[in-house]
Amino acid sequence: METGAGSLGRLYQDVAGITSPGNQYQISGWIKTNNVVGNVVISLEYVGVGGGTPADGHVMEIGGVGGTQDWTFFQSGVFTLQPMPSDAQALWFLLGFNAGVGTAWWDDVSLVSATTTTTVTATSTLTTPTTTTETTTLTSSTTSPTTTTETVTVTLTPTTTTATSTSTATSTVTTTQTVTTTTTASSATSSLLPTSASLVCHPDNVRVGGKTTCTAVVTGSSPATGGTVVFTSSGQGGFGQVNCKNDEDNSLRCAVKYSPGKTGPQTITATYPGDPTHSGSSATFQLNVHAHEDNSVTVLIPRPTLPPLQSDFILSLFVYGTLKRGRLFFTFTGLVVTRPQKPSGEAKSPNRFHRKANGLTGK
């Protein structure tokens with residue numbers, strides 16, 4: 001079996017109809033792994049609607065191996081099957097990944113009833129010097145729903161008139177009932193419902209120490225997608241608390257605030273590990289992080305050559321764009337305003353200019 005990121009891929013059989021609470025059982029099997037992140041198990045669990053295991057539904061689990069490992073045999077101890085919890089509806093004997101990623105094989109996996117050993121002691125007392133043959137019938141009830149009957153013959157020969165002889169017979173009754181067995185090197189594709197993930201961070205250009213909000217949306221088939229999303233970054237920074245909710249279309253929406261700690265591009269990754277009915281998925285977003293610096297811009301306007309002015313004039317400066325935050329400063333240098341000389345005899349008025357909201361007015 002090969003599984004992707006966060007998948008709960010597994011094979012299982014409902015054995016509730018062929019087991020009995022109160023009886024003793026044992027599980028065993030061989031496991032082989034290749035590049036497994038997480039672990040691989042063989043387990044027996046009570047499950048509810050959707051395949052989820054309630055808090056008191058765990059029965060027995062063996063294996064728990066990861067990485068790359070050759071065929072290894074695992075066997076549990078003898079355990080007594082507990083009654084089915086009220087919030088469970090099936091008993092699954094399953095092979096699977098415990099939130100793992102990689103490839104695994106199982107072989108010769110079985111769930112069997114346990115072995116029972118019964119010891120019976122027969123005592124016979126003779127009062128005559130004769131040889132007596134005594135037949136004792138031993139009836140042993142094993143842990144499986146069967147009854148085994150054995151006959152043991154004990155011959156006693158006394159050497160005195162009155163003799164007492166004690167004979168102990170030990171009978172081992174082994175009843176093996178194979179409940180389920182998988183085939184060699186089983187391989188299967190997970191039956192979980194597929195999902196797809198998308199991720200957006202706003203703003204997508206943020207300074208060091210600032211904050212951006214990253215939102216991941218996981219969509220899948222009905223029923224509603226459950227669980228949470230794990231956020232990671234390729235660079236330095238810190239994430240806040242992840243908040244998740246289901247939208248009206250049953251998709252899962254999870255948001256988190258992120259504060260980068262270093263300049264440069266960073267890849268934000270949102271990973272959905274899946275739930276009991278949905279497979280996992282992931283998405284990435286490229287975030288640009290810049291330093292906390294002065295981003296002012298200086299614009300130089302060429303000095304214009306104006307013709308002689310005959311009357312008052314208005315010089316206007318227009319700035320186009322969007323100022324999200326901060327202030328604009330204007331500096332005017334080298335502005336010379338001339339006008340024709342007044343006729344002789346008239347007083348000359350000095351050139352002067354003053355600032356208005358929309359530019360300069362010169363006289």
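These exercises cover ring pairs, disulfides and one threonine in a predicted model.

The model is predicted: local features need pLDDT of at least 70, side-chain atom pairs count only at pLDDT 80 or more, and totals for chains, interfaces and linings use all residues. Residues are numbered from 1 along each chain as its sequence is written, and side-chain values use heavy atoms, with hydrogens and water left out.

**Exercise 1. Classify the ring pair of Phe-97 and Trp-106.**

Step 1. Set the rule. Rings of Phe, Tyr and Trp (its six-membered ring) pair if their centres lie within 6.5 Å; planes under 30 degrees apart are stacked, over 60 edge-to-face, and the rest tilted.
Step 2. Take the count. The rule gives five aromatic pairs.
Step 3. Apply the rule to this pair. The centres of Phe-97 and Trp-106 are 6.4 Å apart and the planes stand at 90°, so the pair is edge-to-face.
Step 4. Check burial (buried is under 20% relative accessible area, exposed over 50%, partly exposed in between; 1.4 Å probe, protein chains only). Both Phe-97 and Trp-106 are buried.

**Exercise 2. Classify the pair of Phe-239 and Tyr-258, and place each ring in its strand.**

Step 1. Geometry. The ring centres of Phe-239 and Tyr-258 lie 4.5 Å apart with planes at 35°, so this pair is tilted.
Step 2. Position. Strands (E, at least two residues) are DSSP runs, numbered from the N terminus. Phe-239 belongs to strand E17 (residues 237-239) and Tyr-258 to strand E19 (residues 252-260), so the pair ties together parts 19 residues apart in sequence.
Step 3. Phe-239 is partly exposed at 29% relative accessibility, while Tyr-258 is buried at 0%.

**Exercise 3. Find which charged end sits over the ring of Trp-105.**

Step 1. The test: NZ of Lys or CZ of Arg must be within 6 Å of the ring centre and within 35 degrees of the ring normal.
Step 2. The charged end of Lys-32 sits over this ring, 5.2 Å from the centre.

**Exercise 4. Describe the disulfides and their pattern.**

Step 1. Count them (a disulfide is a pair of cysteine sulfur atoms within 2.5 Å). The structure has two.
Step 2. Take Cys-201 and Cys-214. Their sulfur atoms are 2.1 Å apart. The angle about the S-S bond is 110°, and the link is right-handed.
Step 3. Locate that pair. Cys-201 is in strand E13 (residues 195-202) and Cys-214 in strand E15 (residues 212-220), 13 residues apart. Cys-201 is buried at 2% relative accessibility, and Cys-214 is buried at 0%.
Step 4. Take Cys-244 and Cys-254. Their S to S distance is 2.0 Å. The torsion about the S-S bond is about 115°, so this disulfide is right-handed.
Step 5. Locate that pair. Cys-244 lies in strand E18 (residues 243-246) and Cys-254 in strand E19, 10 residues apart. Cys-244 is partly exposed at 31%; Cys-254 is buried at 0%.
Step 6. Write the pattern. Counting bonded cysteines along the chain gives 1-2, 3-4.

**Exercise 5. Trace the surroundings of Thr-195.**

Step 1. Thr-195 lies in strand E13. Its relative accessible area is 14%, so Thr-195 is buried.
Step 2. List polar contacts (N or O atoms within 3.5 Å; within protein, one must be able to donate a hydrogen and the other to accept it, and residues adjacent in sequence count only if both atoms are side-chain atoms). The Thr-195 side chain reaches the backbone oxygen of Ser-279 at 2.9 Å. The Thr-195 side chain also makes a polar contact with the side chain of Ser-281 (2.9 Å).
Step 3. Leaving aside neighbours within four places in sequence, the partners of Thr-195 include Val-218, Thr-219, Gly-220, Tyr-272 and His-278.

Methods
Helices (H or I, at least four residues) and strands (E, at least two) are DSSP runs, numbered from the N terminus. Contact means heavy atoms within 4.5 Å.
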